[in-house]
Amino acid sequence: MVIALDKHKKPIGFVTEKRARQLMESHRACIYRTYPTVIIIMDRDVREFTNVPTYRIKIDPGSKYTGIAIVCNETNEVVMMLQLEHRGENIVELLQTRSAARKNRRNRETPYRRSKWANGSNGSRPSKERKMPPSIKSIGDNVIRIVEKLKRFIRITECSFESTRFDTQLMDNPDISGEEYQHGTLFGYELREYLMEYYRHTCQYCGGKSEDSVLEWEHIIPKSRGGSDSVRNATLSCCSCNRDKGALTPNEWLKQLKEKTPGCKKDGELTQTRITHLESILSNGKVYGSNRYAAWSNILRKYEEKALFEIFGNVECSTGGRTKYNREMILHTSKDHHYDALAIGSISESGFTDRTKGYVLYIKAMGRGNRMRGHINQCGIITDKWTDRRKRFNGLQTGDIVHVTIPSGKYEGTYTGRLMIRKSGSHDIRTLDGKLVTGTKKSIYKIMQHADGYNYKYEKAE
Ligand SMILES: [Zn+2]
C-alpha cells in the first residue's frame, strides 16, 4: 500500500500500488517521498472527505530490531509493516575506540597535567545528573523519530506497545527462583525471549555462518541425556546446528566435527567455526552472550513508553505473553519482528486482512558520518592528513539513495542503491542486493531519497 496525501500535504490514508500508478499516469498524483512511498493526490482536499480512516501503530521494542505494524481501525486491515535495525552496538564500539585514543594521546602529550573532567578519576565527584548512554539513547530515538515521521503522513490516532520486560534477576539466579518458576508456563516463553536478547539473535555454535535464520532454544546437554531445562543448560542455536548436533553432548559433537571431512570449502569453514565456538563454550561457557542487551531492553521500554505517551496521549500497554498468545492462536504467523508487532495488544478473533502482500520496509540506522578530523592508527595516533569537512559534493552526500546511470567502464549500466561519496567525483554505490559498484565522473545521478541517517529497502518477507 502507498501512503496518500492531499494537495495541502494532509494525510488521506492509503491507496493500492495499482491505483497509485494509475493516478500518476493520469498526472493526478506525484511522488512526495520514496521511502516510505508517499504520493500527493493533487486534486484532493481532505476537508471534502466525510470520513477519513484512522490507524493504529503497533510497536514491538527490542535492542537490536524494532518491529512496527500499522493497521486500519475501521477495516482491520494491515496496511504497512516495518522493521527497524538499530546501531547501539556500533556506537559502543566507536566510543570505546575514541576513549582509548584520547587516553593514549593524553598520556603521550600531557602526562603531568591534572585531569580535566569531573568523572571521579581526579578525586572530584561525578555529575549527579543521570544521563542516558548514547548507545541506548540512539535506539530509543530511532523509534521515536520513525514514529513521528510516520505520523506526519498517516492519521495515526492509537498506539499499542509491548511493555513487559524480562526479570533479569530471576534469569541470572535460577536458584533463588525455585521449582515453581522453573516449571511455570511463563518460564519457557521468558527464557526463549531472554536467550534471544542475551545471545543477540546469533547462533552460539556457528555465529550465523550457516545462514539459517531460524533460532531455537538449545539444550547444551540434551534432555535425553539428562540435561535440565534450566538457564544454565540453555543456549541459542540455529535450526541447522541444532539438527546437526542432535542428541550429542558438546564433547561428543566436538569429536565428531573434528573427524569430519568437509565436502566443500564452505562446509569446511562452517565446521571450523563450530569447532572454535564449541571449544570456547566448553572452556568458559559463552561466545557472544551478555546481560547488557537484556538490560538495554528494559531501559528502552521505559524510555520509549514515556515518549509514546507524550506523542499519542494514550498508549495501550501489553505484555509479551499476550503477544505470543495472539501470534500463535489467532494470527498463525512466523516469529518475525513485524509480525510480533502485529500481535501486540488486544486483537479481534478473526485477525487481520493483510494488504501489504508480504512487503516489509526495512530501515537500518546508519549514522550521519563522523566528526573526526583525521584517521587514527591502531595506537590512536593521527596518521593521515586532515580529512575534508565538507559532506556534500555536487549536491550529493553519503547516504543518499540514488538511481545512477554509469555510461562506460567496468560497471556500465544502471543501478539503484546507497551512495558513498568520494571527493574525486567517482562515487561508490551499494546496490540493493549488496553489490558495490563505482561510478565514473560522467555518471548521472538521480536522487530518490536524501540522506537522513537511515537506509531503506522494501523486501518481501518469507
Ligand atoms: Zn548455527
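Q: What makes arginine 430 the partner of arginine 418 in E18?
A: A bridge does: arginine 418 has arginine 430 in E18 as its bridge partner. This is a predicted model, where local features need pLDDT of at least 70, side-chain atom pairs count only at pLDDT 80 or more, and totals for chains, interfaces and linings use all residues. Numbering runs from 1 along each chain as its sequence is written.

Q: Why are strand E17 and strand E18 said to pair?
A: Two strands pair if DSSP finds at least two bridges between them. Strand E17 (residues 413–420) and strand E18 (residues 428–431) have four bridges, in the antiparallel sense, so they pass. Strands here are DSSP runs of E, at least two residues, numbered from the N terminus.

Q: What makes strand E19 and strand E20 edge strands?
A: The open sheet has five strands in the order E19-E18-E17-E16-E20, with antiparallel pairing. Strand E19 (436–438) and strand E20 (444–449) each pair on one side only.

Q: Why is lysine 10 called partly exposed?
A: Buried takes 20 or more other C-beta atoms within 10 Å of a residue's own, exposed takes 12 or fewer, and partly exposed is in between, with C-beta atoms placed from the backbone. Lysine 10 has 17, so partly exposed is the label. Lysine 10 sits in the loop between strand E1 (2–5) and strand E2 (11–15).

Q: How do you know how confident the predictor is?
A: From pLDDT, the predictor's confidence in each residue, from 0 to 100. The protein averages 84, and 89% of the residues score at least 70. Over residues 174–186, though, pLDDT is below 50. Where pLDDT is low, the predicted coordinates should not be read in detail.

Terms used. Two residues are in contact if their C-beta atoms, placed from the backbone, lie within 7 Å.
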